[in-house]
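Morning, everyone. One structure today, and I'll keep it short. Have a look at it first.

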Amino acid sequence: MWSRTGISSTTASMSSAVSGNRIAAPAAVADHGWQRLDWQEILARSVTREADLPPRLAVATDGPKVADTYPVRINPYFLDLIEQADDPLGLQALPDLRELAAGPWEADPFREERLSPVPHLIHRYADRVVFLVSSQCALYCRHCMRKRRVGDPLAAAVDPDARQAGLDYIARTETIRDVILSGGDPLLLDDEALAWLLGELRRIPHVEILRIHSRILSSLPQRVTGALTDLLRRHQPLYLNTQFNHPREMTAIAAAACRRLADAGIPLGNQTVLLQGVNDDAAVLRQLFRRLLALRVRPYYLHHPDQVRGTRHFWCAPRRGLDLMAALRGRISGLAIPQYVIDLPGGHGKVPLTPESVVSRQGDRWRIRSYTGEIVDYCVDPGGPDAIDEWSTP
Ligand code: SF4
């Protein structure tokens with residue numbers, strides 16, 4: 001039975017069931033000889049060719065090599081998290097022949113290259129730019145929307161001259177308030193290069209906000225050293241958005257890295273990519289978002305998978321994403337629910353997709369579908385002429 005406040009006994013019992021369900025502690029990671037190494041040494045031991053994968057994760061090597069088209073890099077930390085080739089972490093990291101499938105799909109459906117006034121800088125919205133300051137990552141995700149360029153040292157090299165050209169563009173374009181450092185992974189720059197870049201950006205008077213988009217927290221959390229944390233703290237306001245796609249990526253090492261940054265006052269957000277076979281499951285997403293929130297990482301976006309060439313095996317229909325969002329609402333804290341967004345092909349930008357919650361509307365009178373599927377009467381102005389009391393109560 002629904003009251004005017006829309007709170008039901010069903011809701012209350014559901015809430016208490018969820019609150020009794022504890023979040024699992026971050027998992028310890030087995031030491032296979034790399035834990036005593038620093039992040040650059042771990043990175044140097046990455047697998048970059050199909051033939052070098054351990055036997056338990058071996059892929060066929062007698063046909064075409066995916067790595068010849070889309071670079072492979074799996075560092076030993078992430079490699080040890082993969083239990084089998086087709087598990088949620090293996091699917092994100094291991095080369096897959098389906099990446100080479102022929103079809104009409106574009107490598108750059110979002111027209112990023114056409115929206116670049118200078119190389120390695122994307123200017124789509126007047127007040128912000130995406131500055132691609134690195135072509136390297138600690139893990140080359142098989143679903144990457146920039147797989148046309150990441151890891152390619154020739155086509156996508158970002159040298160100091162290119163970074164200077166980007167800085168010059170930002171300095172002479174006074175509408176820019178917000179600079180998003182992306183790539184590749186900006187945190188694969190060493191501390192010296194990063195300090196120079198952040199310092200130069202902070203010298204531009206109209207730049208207010210710096211954002212770093214980095215998968216380091218889930219792909220190589222050892223990069224979050226005390227020195228890096230101090231460096232980021234000195235350039236506030238600076239936001240860091242990362243990418244955790246599955247709860248198994250939230251190890252004790254990753255959790256410690258998140259805590260270190262949060263303790264330093266760096267606001268942390270997460271952009272999960274919805275990936276078929278990896279996380280297109282309500283229980284998985286619920287666990288992921290709850291754990292993120294407990295680590296002070298705000299779930300920010302759930303990205304509908306991008307229709308980029310070489311990623312088709314990860315796609316699912318928007319209806320699936322809407323159903324998953326509907327399954328989250330009311331079951332976890334609103335703080336833990338990200339916006340479900342789709343990046344429209346053709347360079348039309350991101351738009352939020354919401355469950356079809358509004359069933360009908362007449363003036364200020366709304367009928368809204370609750371998370372349990374019941375239809376609730378709602379009046380925008382309960383004291384006004386359209387107050388619920390004055391219209392049909394069955
Ligand atoms: S870390 Fe980001 S930029 Fe690098 S491959 Fe993964 S998704 Fe792409």
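This is a predicted model: local features need pLDDT of at least 70, side-chain atom pairs count only at pLDDT 80 or more; totals for chains, interfaces and linings use all residues.

Let's start with a helix pair. Helix 6 and helix 8 are roughly parallel to each other, because the angle between them is under 35 degrees. The angle itself is about 5°. Helix 6 covers residues 191–202, helix 8 covers residues 226–233, and their axes are 10 Å apart. Who makes the contact? From helix 6 we have D191, L194 and A195. From helix 8 we have A227, L228 and L231. By class, that is five nonpolar residues, no polar ones and one charged.

The mean pLDDT of the chain is 86, and 86% of the residues reach at least 70. Residues 1–20 fall below 50 in pLDDT; leaving out near neighbours in sequence, the model gives that stretch twelve contacts. Residues 386–394 also stay under 50. For that segment the model has twelve contacts beyond four places in sequence.

Helix 10 runs over residues 282–294 and helix 11 over residues 318–328. They pack at about 55°, with axes 10 Å apart. The classes here are five nonpolar, no polar and one charged.

Now the ligand. Which residues surround it? Among them are C137, L139, Y140, C141, C144, R146 and V150. Split by class, the shell has six nonpolar residues, two polar and three charged.

Stay with G183 and G184. A cis peptide bond joins them, with omega of about 10°. G184 sits in the loop between strand 3, residues 178–182, and helix 6. That is the helix 6 we began with, the partner of helix 8.

There is a cis bond at Q236 and P237 too. Omega there is about 0°. And where is P237 found? In the loop between helix 8 and strand 5, which spans 238–242.

H120 has a positive phi, about 70°, although it is not a glycine. H120 lies in the loop between helix 4, residues 88–93, and strand 1, residues 121–122.

Over to you for questions.

Definitions and conventions: Residues are numbered from 1 along each chain as its sequence is written. A residue is near a molecule or strand if its C-beta atom, placed from the backbone, lies within 6 Å of it. Ala, Val, Leu, Ile, Met, Phe, Trp, Tyr, Cys and Pro count as nonpolar, Asp, Glu, Lys and Arg as charged, and the others, Gly among them, as polar. pLDDT is the predictor's confidence in each residue, from 0 to 100. Two residues are in contact if their C-beta atoms, placed from the backbone, lie within 7 Å. Axes are lines fitted to C-alpha atoms, for helices over the stretch in contact, and angles run from 0 to 180 degrees between N-to-C directions. Helices (H or I, at least four residues) and strands (E, at least two) are DSSP runs, numbered from the N terminus. Angles under 35 degrees count as roughly parallel, over 145 as roughly antiparallel, 65 to 115 as roughly perpendicular and the rest as oblique.
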